[in-house]
Amino acid sequence: MGEHCLLSFFSRKLNPSLQVGRIFEISQEDLLRRDIKGLIVDLDNTLTEWGRDAMAEETLDWLRQAQDNGFGICMLSNNRGDRLARIAETLNIAFIEGASKPRRRGFRQAIELLQVEPERIAVIGDQVFTDVLGGNRLGLYTILVSPMSSREFIGTRLVRIPERAVLGALKRSKRKG
Ligand SMILES: [Mg+2]
């Protein structure tokens with residue numbers, strides 16, 4: 001595969017629709033204007049630091065506001081366990097664990113749960129090869145956030161290396177126009 005083919009693959013499947021620092025920097029007005037009605041949200045390093053329960057006040061406010069704005073929210077995580085259920089219950093949102101992102105099964109379950117058409121759903125997550133790739137495969141609006149901390153699963157740390165390469169290539173190709 002030449003540079004051009006690789007880039008076109010990157011831009012179709014690995015390119016997020018939007019990139020922001022933290023989840024609470026996402027403008028809900030913009031989402032509403034795009035007719036987004038459902039949110040599929042990653043947990044680790046998107047809502048909380050990896051493996052932790054604590055959530056920033058701004059994140060909690062953003063989620064409460066999203067609920068007030070009428071967005072359906074489903075947490076979709078490759079992780080599983082009591083922590084997920086506990087956080088979902090605290091937030092009063094649906095959740096799917098052991099999702100095996102970027103596989104489509106978990107995303108499809110989330111879409112089913114939200115009862116919203118895929119083109120009106122935004123995926124929010126911190127990983128290109130799970131959250132963004134999975135969302136793009138199903139035609140969802142994908143939002144990449146910066147990971148909240150550098151503490152993460154060893155496998156994720158390894159994946160950050162090609163992820164940085166992809167994001168760099170995408171940035172360069174955008175600059176070229
Ligand atoms: Mg994550």
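A nonpolar core is taken here as a set of buried Ala, Val, Leu, Ile, Met, Phe, Trp, Tyr and Cys residues joined through side-chain atoms within 4.5 Å; buried means under 20% relative accessible area, exposed over 50%, and partly exposed in between (1.4 Å probe, protein chains only). Helices (H or I, at least four residues) and strands (E, at least two) are DSSP runs, numbered from the N terminus.

The model is a predicted one, in which local features need pLDDT of at least 70 and side-chain atom pairs count only at pLDDT 80 or more, while totals for chains, interfaces and linings use all residues. Residues are numbered from 1 along each chain as its sequence is written, and side-chain values use heavy atoms, with hydrogens and water left out.

Turning to the metal, the magnesium ion has as protein donors D42 (OD), D44 (O) and D126 (OD), at 2.0 to 2.3 Å. Donors are N, O and S atoms within 2.8 Å of the metal (3.2 Å for Na, K and Ca); water is not among the atoms, so sites may look incomplete. The donor residues follow the spacing D-x1-D-x81-D. D44 sits in the loop between β2 (38-41) and α3 (57-68), and D126 in the loop between β5 (121-125) and α6 (128-137), so the pair ties together parts 82 residues apart in sequence. D44 counts as buried at 11% relative accessibility, and D126 also counts as buried, at 2%.

By contrast, G70, found in the loop between α3 and β3, counts as exposed at 52% relative accessibility. The C-alpha atoms of G70 and R80 are separated by 27 Å, with the two residues ten apart along the chain.
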